[in-house]
Amino acid sequence: MDQLMAMRAFTRVVETGSFTRAADSLNLPNATLSKLVKSLEAHLGVRLLHRTTRRVVATPEGQDYYEKASRVLIDIEEIDTSFSALQSRPKGYLRIDVGGSTAREVLIPALPDFLQRYPEIKIDLGVSDRPVDLISGNVDCVIRGGALNDSSLIARHIGDAPMVTCATPGYLKAAGVPAYPEELRNGHKLVSYLSPLTGRAFPFRFIVEGEEREMKTQHHIGVNESNAHLAAASAGMGIIQTFCYAAKEELNNGTLVEILQEWRPASYPFYVVYPQNRHMTHRLRVFIDWLTEVFPAALRSHR
């Protein structure tokens, strides 16, 4: 038995909750991975995994072994990385998850620069506004806006995105241009962004008398995907509040017109998030360093 490979196979099964996902992430046939785990159980003389019809979970002994084995694997990878990083270019796959409009307007336009710097890194890009499980989904990092609520993850600030409130000229001609934020309560149709996690509408935010205030109002239409959210406003369905970079093209060509500019809210913080119990590979480290270099200016990019 290759004990080191068996340890890697077992820990990945625990992290993904699936033999199939674990095998895919390690680029191994299912049968090979299953044989490695069985050999490890035979070597230790204990049952490490409990298999159900829906999920694979660690037994109490398996959980104890997972915690110890994970530390060993991290130490080994850190030793390897400390030497290889000095001698070779980073290579391999990076699995990144990012929201729709951020992918379209910020990350993807900048990625050619990253791939030119690091041609041996390959990227699998998941694009969705819905939150992902970094462990079970075998994702290296996610790029998201807003506060981090999960203490098992590490978040690194990579910039702030200015916000804009806008609508189509046709809508404003028919409904009137609001002169101040409170007028949004007076019969205006609002296009709200719905949290993909909770389904609740994000409130419109404004700086009023030096303080940021949230306006919780009834929306005319709610959308839980950022590109579709912008499309609804561009179709004349009502007033939207979104990132300047997301609406840059529509504002430049006149499809949308900014309103209430005097009360623009504070810029929205963005973070790159990754698991704290997983060793940061050389390729992930250079990607995060690159993000902190290029993302602040890209997020501020607008008219």
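Helix 9 (residues 282–300) has 19 residues and reaches 28 Å from its first C-alpha to its last, close to the 27 Å expected at 1.5 Å a residue. Here the expected span is 1.5 Å times one less than the number of residues in the helix, and helices (H or I, at least four residues) and strands (E, at least two) are DSSP runs numbered from the N terminus. The model is a predicted one, in which local features need pLDDT of at least 70 and side-chain atom pairs count only at pLDDT 80 or more, while totals for chains, interfaces and linings use all residues. Residues are numbered from 1 along each chain as its sequence is written, and side-chain values use heavy atoms, with hydrogens and water left out.

Helix 9 also carries a kink of about 40° at V294, shortly before the proline P296; the bend at a residue is the angle between axes fitted to the seven residues ending there and the seven starting there. V294 is itself among the buried residues of this helix, which include H282, F287, W290 and L299. Buried means under 20% relative accessible area, exposed over 50% and partly exposed in between, with a 1.4 Å probe and protein chains only.

Turning to the other end of the numbering, helix 1 (residues 3–16) has 14 residues that should span 20 Å at 1.5 Å a residue, and its end C-alpha atoms are 20 Å apart, which agrees. Helix 1 is mostly covered, with 10 of its 14 residues buried. Among them are A6 and M7, as well as F10, R12 and E15. Just after this helix, G17 adopts a positive phi of about 70°.

Strand 7 (residues 163–167) is likewise worth a look: five of its five residues are buried. M163, T165 and A167 cover one side, V164 and C166 the other, and both faces are covered. Strand 7 runs antiparallel to strand 12 (residues 239–243), to which four bridges join it, and V164 has T242 as its bridge partner there. Three bridges join strand 7 to strand 13 (residues 257–259), again in an antiparallel arrangement, where A167 is partnered by V257. Two strands count as paired if DSSP finds at least two bridges between them.

Finally, S226 lies in helix 7 (residues 226–234) and is buried, with a relative accessible area of 13%. Its side chain reaches the backbone nitrogen of S101 at 2.8 Å. Leaving aside residues up to four places away in sequence, S226 touches G100, S101, D129 and Y193, where contact means heavy atoms within 4.5 Å.

Technical notes
A polar contact is a pair of N or O atoms within 3.5 Å; within protein, one must be able to donate a hydrogen and the other to accept it, and residues adjacent in sequence count only if both atoms are side-chain atoms.
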